[in-house]
Amino acid sequence: MFSRQTLKIFMTITNVLFFIIGGVMLGIGIWIAVDKIFISDIIGTDLFNAGAYLMIICGAVLILISIWGCLSTVQMKRMYIMIYFVAVLVSLIMLFGAGIMAAAFQGEIKSTMLTSMRATLQTYYGADGARANTITRSWDETQTLLRCCAVEDRDYRLYRESWYYKTQIEQGVQRGELKYVPASCCVYTERYQQYVNLHTCQTASHMAPGSDTDRGNNPALYYTGCYSKAVNFVSGNAEVLIGMGFGFSFILICGMVFSILLYRRITYDFTPVSTRER
């Protein structure tokens with residue numbers, strides 16, 4: 001059996017790792033929740049949101065556990081160590097849950113995403129109402145972030161089925177001023193912090209997006225659809241959650257093992273010699 005001092009060193013190292021892991025999980029969870037969660041509004045599933053929030057909770061809990069673990073190691077009280085063990089076990093279950101949720105999300109992506117993306121663009125983009133405004137913003141953020149337009153490649157005509165286009169027709173906007181796609185579909189140069197040619201991108205009628213054929217090439221318009229890029233985007237984030245969920249579980253299991261050994265060591269040290277010999 002390890003000595004008490006050796007186990008205290010192992011516990012301290014484990015708790016330092018818990019603190020670092022908790023900070024990493026908390027940071028990544030917040031990053032996904034704040035910067036990336038908008039995409040959930042158009043892909044038709046909330047598993048992405050749930051995985052991010054669960055990662056935030058796990059990270060915060062692990063930081064608290066690491067502090068409690070250091071206190072337990074210093075105090076060397078069996079009750080403290082037992083509470084520590086239970087807390088780590090609960091965190092392990094939550095972490096597995098986040099990993100399983102992310103894995104399930106990966107499997108669900110292609111089955112629902114294409115249909116949901118087309119439906120949200122046609123039904124809500126440019127319409128009135130709180131939900132429509134949220135989805136419109138989500139589409140704009142997605143197209144800007146992923147540098148794409150509509151759903152599938154060269155799918156910019158899909159906007160003619162949206163309220164964005166229908167509203168302009170109802171208002172009697174003339175053909176030369178009619179905007180076939182939103183600004184988020186237009187090529188934007190980060191270097192100069194401006195669009196290549198916003199007017200040509202949105203209103204060109206002799207070529208895409210206003211032409212009924214694919215003649216000509218509009219250098220100011222994104223031709224790549226958002227579906228394939230969104231699949232890669234959410235798959236990459238899901239893989240991060242899966243890797244953290246299952247990869248960090250090993251360290252949590254080590255913490256549980258060391259806490260059990262330390263608990264037994266304390267019990268052994270405080271057991272009378274006459275009782276041990278029996």
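Mentor: Leu-17, for instance, sits in helix α1 (residues 4-36). Keep in mind that this is a predicted model, where local features need pLDDT of at least 70, side-chain atom pairs count only at pLDDT 80 or more, and totals for chains, interfaces and linings use all residues. Residues are numbered from 1 along each chain as its sequence is written, and side-chain values use heavy atoms, with hydrogens and water left out.

Trainee: Why is Leu-17 called partly exposed?

Mentor: Buried means under 20% relative accessible area, exposed over 50%, and partly exposed in between (1.4 Å probe, protein chains only). Leu-17 has 35% relative accessibility, so it counts as partly exposed.

Trainee: What about Cys-58 and Cys-254, buried or partly exposed?

Mentor: Cys-58 comes in at 2%, so it is buried. Cys-254 has 23%, so it counts as partly exposed.

Trainee: How do you know that Cys-148 and Cys-226 form a disulfide?

Mentor: The rule asks for a pair of cysteine sulfur atoms within 2.5 Å. Theirs are 2.0 Å apart, and the pair is a disulfide. Cys-148 is in the loop between α5 (130-146) and α6 (163-170), while Cys-226 is in helix α8 (residues 226-247), so the link joins distant parts of the chain, 78 residues apart.

Trainee: And what makes Cys-148 and Cys-226 buried?

Mentor: Cys-148 has a relative accessible area of 0%, so it is buried. Cys-226 is also at 0%, so the label is buried again.

Trainee: Why is the disulfide of Cys-149 and Cys-185 called right-handed?

Mentor: Because the torsion about its S-S bond is about 85 degrees. Cys-149 lies in the loop between α5 and α6 and Cys-185 in the loop between α6 and β1 (188-189), so the pair ties together parts 36 residues apart in sequence. The sulfur atoms of Cys-149 and Cys-185 are 2.2 Å apart, and both residues are buried.

Trainee: What is the handedness of the link between Cys-186 and Cys-201?

Mentor: That link is left-handed, with -90 degrees about the S-S bond. Cys-186 lies in the loop between α6 and β1 and Cys-201 in helix α7 (residues 198-203), so this pair ties together parts 15 residues apart in sequence. The S to S distance for Cys-186 and Cys-201 is 2.0 Å.

Trainee: How many disulfides does the rule give, and in what pattern?

Mentor: The count comes to three disulfides. Counting bonded cysteines along the chain, the pattern is 1-6, 2-3, 4-5.

Methods: Helix = DSSP H or I, 4+ residues; strand = E, 2+ residues; numbered from the N terminus.
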